[in-house]
Amino acid sequence: MHFSDIGNIALILASGFAIYTGIVAVVGAIRNAPLLVISARRGVLVVAFFLLLASACLIVSFLTHDFGVSYVAQHSSLAMPWYFTTAAFYGGQEGSLLYWALMLAVFSAIFSLTAKRAPAAIVPYVIATLMGIQIFLLLMLSTVSSPFVRLPVAPQDGNGLNPLLMDPGMLVHPPMLLMGYMSFSLPFAFAVAAMITGKLDSDWLRSIRRWTLASWSIQTTGLILGAWWAYHVLGWGGYWGWDPVENAALLPWLTATAFLHSTMVQERRGMLKVWNLVLVIASFALSIFGTFEVRSGIISSVHSFAYSGVGAFFLVFLAIIIVFSTALFIFRLPRLRPEQEFDSVVSREGIFLVNNLLLVGIAFATLWGTIFPLLSAALLRQTMTVGPPFYNSVDGPLFVVLVLAMGVGPLLAWRRTSTRALWHNLGIPALAAAICAAILPLAGVHDIWANVGFAVCSFTAAAILYELWRGMHVRHRHGEPYPTALYMLINRYRQRYGGYIVHLGLVLLAVGVIGSHFFQVQQDAVLTPGKEMNVAGYTLTFFGNYEETYPGTDTVKSILQIWSGGQLKGYIYPGRVFYQNFENQPVSLIPISTFGLTDVYVFLDDWKGTSQATIRVFINPLTSLVWYGGLLMLLGGIVCWWPERRKQIMHRDVGVTLAVPRSPRSASPTSPKTSGRNDEGVIA
Amino acid sequence: MKQVQRRPLFVALAVLAIVGALWSYVFLQNPAQPTLDQRVHDVGSQLKCPVCQGESVADSTSELAQQMRGVIRQQLQSGKSEQEVIQYFQASYGDQIVWSPPWQGFSLLAWLVPIGLLLAGIILLFFVLRDWRTPSPGGSMSDDSELANVDEADLAIYRSQLEQELAAEDPIFTLQSRTEAG
């Protein structure tokens with residue numbers, strides 16, 4: 001009995017329980033039998049347990065180097081350190097599918113355990129939908145794509161992992177992105193449940209928003225980590241290449257972002273219900289599409305490392321999802337009428353619609369560019385490519401307008417904004433943009449598009465910072481020092497200020513993208529010992545190459561000095577690592593030295609013996625801002641997401657003493673003697 | 001009233017004019033003169049490296065890409081324009097070497113469909129908004145004086161609404177917006 005056998009049994013048991021849970025949940029909902037629903041909720045936990053067991057078995061097989069398991073033999077070797085051996089768990093097709101199923105099970109279990117917070121009527125249907133997806137994954141795992149298939153004869157040593165994946169980025173980026181893809185199934189399940197039950201009330205909205213926010217944050221992290229990985233490993237000096245696989249990861253992120261914005265309109269004004277459902281379904285369908293695209297290998301990409309025949313199954317699954325949700329949607333359409341009317345275009349809901357148009361526009365253009373070569377090949381038998389120049393010229397301007405809209409949005413009131421109030425609010429951001437637009441050309445920024453981009457970014461940054469400052473100032477006038485005021489402000493209106501933090505992060509990221517896109521300097525030089533090369537004020541002096549040999553790897557490194565302004569800044573060692581069994585796929589070692597906000601990115605292109613090297617240097621200005629911006633976005637996402645249940649109730653009680661309650665929910669009784677100020681002091 | 005209304009517009013126009021003048025001065029003074037390296041990179045980034053997966057000729061480190069960069073450099077030095085060099089590669093490697101679909105034939109659809117749909121989206125948005133809007137209480141929105149009056153009253157309301165929104169149910173804010181309103 002091997003661990004892989006236990007894994008197999010666990011997978012089969014998990015499938016059985018998933019089927020049981022799905023059926024019991026639906027029957028429980030139809031017959032209105034709470035006991036059956038409770039059974040379903042426990043069934044979810046059982047499925048999660050068996051998937052945990054299966055995953056543990058696979059990891060143990062890896063760590064004990066059980067090369068009798070085909071998957072282990074293909075994706076690990078004796079020479080690999082333990083952390084990469086563990087990470088090889090999701091390094092291939094079968095394992096990543098298991099990882100996906102595991103994550104779905106874990107999230108389903110979290111839902112099941114916190115199901116009391118969701119509207120009771122939809123719980124069984126959410127569970128049933130999740131189990132439907134789970135059954136699909138489990139059937140794949142136990143039939144066509146099992147990680148536990150055993151070889152007739154166990155080899156002495158395994159193949160090892162694809163060297164591109166032997167990187168710290170590998171430990172974090174794929175699991176994040178896969179988790180992100182998977183997590184869109186929860187909002188989808190909520191949407192399906194709402195369409196079946198017809199309950200799209202505010203409780204439903206709150207639950208689905210939180211789950212979507214969680215997915216959004218995970219996906220944001222996955223995307224940023226992916227960009228970071230590409231930057232550090234691929235060696236072309238960039239972090240985003242509009243590669244089909246990157247696009248596939250961006251698409252659900254875009255629609256989820258659109259959803260997070262348009263739900264605010266639904267929350268406030270009861271409009272856009274239909275549209276929101278479309279966005280949720282689209283996010284999930286796009287994440288399945290992405291998986292299909294990555295796995296099937298129909299599109300060539302730098303990232304696809306897990307080709308296999310499972311693509312067709314994903315295509316069928318995608319078709320089922322689309323047909324099923326469209327049918328449900330049409331069935332439910334008559335019930336989805338907007339509750340309120342629109343007052344004015346110049347209002348926050350107006351700008352949210354513009355935001356949605358832009359995000360969906362970007363998503364569509366990107367999807368279209370990704371699948372166009374396939375269409376062309378299928379219809380005209382004409383191969384063609386759609387690459388970065390296309391996306392830059394179509395999506396680039398849309399992103400600029402989006403950033404602009406992000407700045408205008410907070411300046412507009414709900415329902416309707418008077419022209420004068422708008423002018424008044426526009427003043428400071430417009431001034432910031434004008435100053436930026438005036439100074440940068442004089443400071444040597446001679447590209448028109450870069451100038452436009454920077455001006456728009458400064459407009460938006462100023463608008464958001466001004467908003468923040470106004471909030472802080474009001475609190476400050478009531479005796480709070482500024483840092484406390486900022487903290488209280490964010491702590492109290494998490495959604496609003498968390499959103500602003502995300503926006504600031506995106507602006508920072510946009511500045512980084514503009515900087516590295518327009519001002520990257522690239523230079524190649526063939527160097528012999530003692531020779532130097534000069535790039536944009538940095539001098540690199542070459543000393544020679546040397547080799548290091550360890551069991552399993554062979555490394556070539558060049559020795560260089562970086563000088564700037566007559567000072568030695570340090571030594572760098574760009575190189576290549578050759579892994580056993582993958583001699584034709586050397587991995588680059590790319591030293592990236594950051595001076596201020598400028599990256600000096602040095603890549604060893606070619607070498608001869610110990611005394612000659614072809615060095616390629618990229619000077620990437622402002623690239624660090626991409627990572628800082630990403631971090632800020634994640635932080636903002638977490639702030640928005642952070643539970644505030646208990647505190648909010650406390651605040652509501654306080655608020656009632658002084659203010660007319662805004663919603664019936666807040667109309668809880670309060671003792672007359674508690675004054676707002678006192679409680680404020682207690683909380684602070 | 002009207003003067004007050006228009007002042008920001010004039011300020012905005014003035015600022016735009018200043019920035020515009022500055023930009024045209026700077027850009028006319030410093031016409032873009034890309035170096036040969038930059039031009040090679042520009043051409044290279046428009047071409048897909050035929051033996052790589054999703055990398056451009058400018059970025060790829062493969063030998064073929066290096067040779068192609070050499071060819072680009074030679075041709076540019078001999079006086080060919082960027083477009084001519086790209087056409088040369090298109091003729092010898094086929095359409096798929098160009099990284100953005102050409103503006104002709106079937107591949108024109110690659111450009112037109114997203115642009116067309118975006119325009120359709122804007123038009124749709126316009127009609128949706130028009131349908132959704134309730135008829136404004138004052139009748140026609142074009143009446144300037146009426147709008148100004150509405151604005152005055154609105155401004156007070158929206159200002160307090162803004163504060164309120166800012167505050168939601170936060171006591172110190174509510175206190176303040178009350179005193180301001182009163």
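**Entry 1: ground rules.** I began with the hairpin of β3(A) and β4(A), where two residues lie between the strands and Gly552(A) takes a positive phi near 90°. Before going on I noted that this is a predicted model, in which local features need pLDDT of at least 70, side-chain atom pairs count only at pLDDT 80 or more, and totals for chains, interfaces and linings use all residues. Residues are numbered from 1 along each chain as its sequence is written, while chains are lettered from A and ligands numbered from 1 in the order in which they are written. My element names follow DSSP runs numbered from the N terminus: helices are H or I with at least four residues, and strands are E with at least two. I call two strands paired if DSSP finds at least two bridges between them.

**Entry 2: around β4(A).** Which strands does β4(A) pair with, and in what sense? I found strand β3 (residues 538-550) of chain A pairing with β4 (residues 553-564) in the antiparallel sense over 12 bridges. Within that pair, I looked up Tyr546(A), and its bridge partner in β4(A) is Lys557(A). Lys557(A) also stands opposite Gly575(A) in β6(A). The β4(A)-β5(A) hairpin has two residues between its strands, and Gly565(A) in the turn has a positive phi of about 60°.

**Entry 3: the open sheet.** Next I traced four strands of chain A that form an open sheet in the order β1-β10-β9-β8, with antiparallel pairing. Its edge strands are β1 (521-527) and β8 (592-595), each pairing on one side only. I noted an average twist of 20° from one strand to the next; the axes behind such angles are lines fitted to C-alpha atoms, for helices over the stretch in contact, and angles run from 0 to 180 degrees between N-to-C directions.

I then walked across the sheet. β1(A) and β10(A) pair over seven bridges, and Ala525(A) faces Ile615(A) there. β10(A) and β9(A) share 10 bridges, with Tyr601(A) opposite Phe618(A). Tyr601(A) is also the bridge partner of Ile592(A), which I found while checking the four antiparallel bridges between β8(A) and β9(A) (residues 598-608). Ser593(A) has Val600(A) as its partner in β9(A).

Two glycines turned up in the hairpins here. Gly596(A), in the two-residue turn of β8(A) and β9(A), has a positive phi of about 65°. Gly609(A) takes a positive phi near 55° in the hairpin of β9(A) and β10(A), which has three residues between the strands.

**Entry 4: burial.** How many residues of β10(A) are buried? I counted seven of the 10 in this strand (residues 612-621), where buried is 20 or more other C-beta atoms within 10 Å of the residue's own, exposed is 12 or fewer, partly exposed is in between, and C-beta atoms are placed from the backbone. Val502(A), in helix α18 (residues 494-518) of chain A, is buried because 27 other C-beta atoms lie within 10 Å. I also looked up its distance to Ala378(A), 124 residues away along the chain: the C-alpha atoms are separated by 41 Å.

**Entry 5: helices.** I checked the length of α6 (residues 123-142) of chain A: its 20 residues should span 28 Å at 1.5 Å a residue, and the end C-alpha atoms are 28 Å apart, so the two agree. The expected span is 1.5 Å times one less than the number of residues.

Helix α8 (residues 185-197) and helix α9 (residues 202-233), both of chain A, pack at about 160° with axes 8 Å apart. That makes α8(A) roughly antiparallel to α9(A), since angles over 145 degrees count as roughly antiparallel, under 35 as roughly parallel, 65 to 115 as roughly perpendicular and the rest as oblique.
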